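Subject: Structure for your review

Dear colleague,

Please find below the structure that I am handing over to you. My notes on what was found in it follow directly after.

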Amino acid sequence: MKIAFQTSKYNNTSLIEEIKTAKKNRLDYFDIFFDTWSPEDLTDCEKKYITTCKKEGMIFSIHLPIIDYSKVDENFKSYIEFINEIIPYSVTIHFNTLSYSTIEYFLASINSKVFFSIENTIPDKNFLYESDYLTFMKEVSSKYNVYSTFDIGHCVVNKYDLIQYFNSIIDSDIRISTFHIHDNDGIQDMHKALGEGTISYKKLFNEYKKTNLDSLFIIEHWTNNCMSLQALRNEK
Ligand SMILES: [Zn+2]
């Protein structure tokens, strides 16, 4: 199972320390979430460290910032440059403001080996096309080479049955490159460790094993992330 920790702006820990924590936990994958920051903020030391880790076999994934993706913007360039430098496993982008022209722009700009992966958000609506995630993904998957980042926490806050929803994605031939893993009470997007909320994640893993997916599981919280890691490792 491919598992990653993700950077967090809330943990008072440097990027290098975060990656070191992932290494200590024997993780081969690490997700860089540009949460209100950009590749231009990376220090030379951090860039060097990322390059060294990459050479040693670590595989990165990228979470693009939560900004407006309805129009192609000059600011996208620094992310694209960084993506093409580190060739991540996947690049995740939120679907709620995403336009077809922005999808086309990213697909034309990033290395074709990288999975361009679109995430379900709260509320479940793309504001440009007035469509829900499943409708949007069916449409764009038939047109473009795109993948799903399936956020299990967002799914249940949007009041869907996790297993039914997962199976709808699979039955629609939408390819899940990446899962976002965290737990909550079904009401608030708490980003807690698996087992600290009410999400029936074990049932989901059983369904996942029935598919031929080989997705990346990104633990999308920092507090008690080893708890989620253990829960995922128990599923092997
Ligand atoms: Zn997420």
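**Two helix pairs**

Helix H1 (residues 15–24) packs with helix H2 (residues 44–55) at an angle of about 20°, and their axes are 10 Å apart. Please bear in mind throughout that this is a predicted model. Angles under 35 degrees count as roughly parallel, and H1 and H2 are therefore roughly parallel to each other. The crossing in which H1 passes H2 is left-handed. Where they meet, H1 contributes Leu 15, Ile 16 and Ile 19, while H2 contributes Glu 46, Tyr 49 and Cys 53.

A second pair consists of H7 and helix H8 (residues 201–209), whose axes come within 9 Å and cross at roughly 25°. H7 and H8 are therefore also roughly parallel to each other. Their crossing is right-handed, whereas that of H1 and H2 is left-handed. On the H7 side, Leu 162, Ile 163, Phe 166 and Asn 167 meet Lys 203, Leu 204 and Glu 207 of H8.

**A residue in H7**

Tyr 165 is a residue of helix H7, which spans residues 162–171. Leaving out residues up to four places away in sequence, Tyr 165 touches Cys 155 and Tyr 160. Between Tyr 165 and Ile 152 there are 9.6 Å in space, C-alpha to C-alpha, and the two are 13 residues apart in sequence.

**The barrel**

The strands form a closed barrel of 8, in the order S1-S2-S3-S4-S5-S6-S7-S8, with parallel pairing. From one strand to the next, the twist averages 25°.

S7 (residues 176–181) pairs with S8 (residues 216–219) in the parallel sense over 4 bridges, and Phe 179 has Phe 217 as its bridge partner in S8. Helix H9 (residues 225–233) packs on the sheet and touches strand S1 (2–6), S7 and S8, with its direction at about 155° to that of S8. S1 and S8 also run parallel and are joined by 4 bridges; here Phe 217 in S8 is the bridge partner of Ile 3.

Side chains in a regular strand alternate between the two faces of the sheet. In S8, both faces are covered: Leu 216 and Ile 218 are buried on one side, and Phe 217 and Ile 219 are buried on the other.

**The nonpolar core**

Nonpolar side chains tend to be buried together in soluble globular proteins. The largest nonpolar core here has 57 residues, of which Ala 4, Phe 30, Ile 83, Val 91, Phe 116 and Ile 152 touch the most other members. Which residues does Phe 116 contact, leaving aside its neighbours within four places in sequence? They are Val 91, Phe 106, Leu 107, Ile 110, Val 146 and Tyr 147.

Yours sincerely,

A colleague

Key: Residues numbered from 1 in each chain as written. Predicted model: local features only at pLDDT ≥ 70, side-chain atom pairs only at ≥ 80, totals over all residues. Pairing = 2+ DSSP bridges. Axes fitted to C-alpha atoms, helices over the stretch in contact; angles between N-to-C directions. Contact = placed C-beta atoms within 7 Å. Core = buried A, V, L, I, M, F, W, Y, C linked by C-beta atoms within 7 Å. Buried ≥ 20, exposed ≤ 12 C-beta atoms within 10 Å, placed from the backbone. Parallel < 35°, antiparallel > 145°, perpendicular 65-115°, else oblique. Left-handed = near helix turned anticlockwise from the far one by under 90°.
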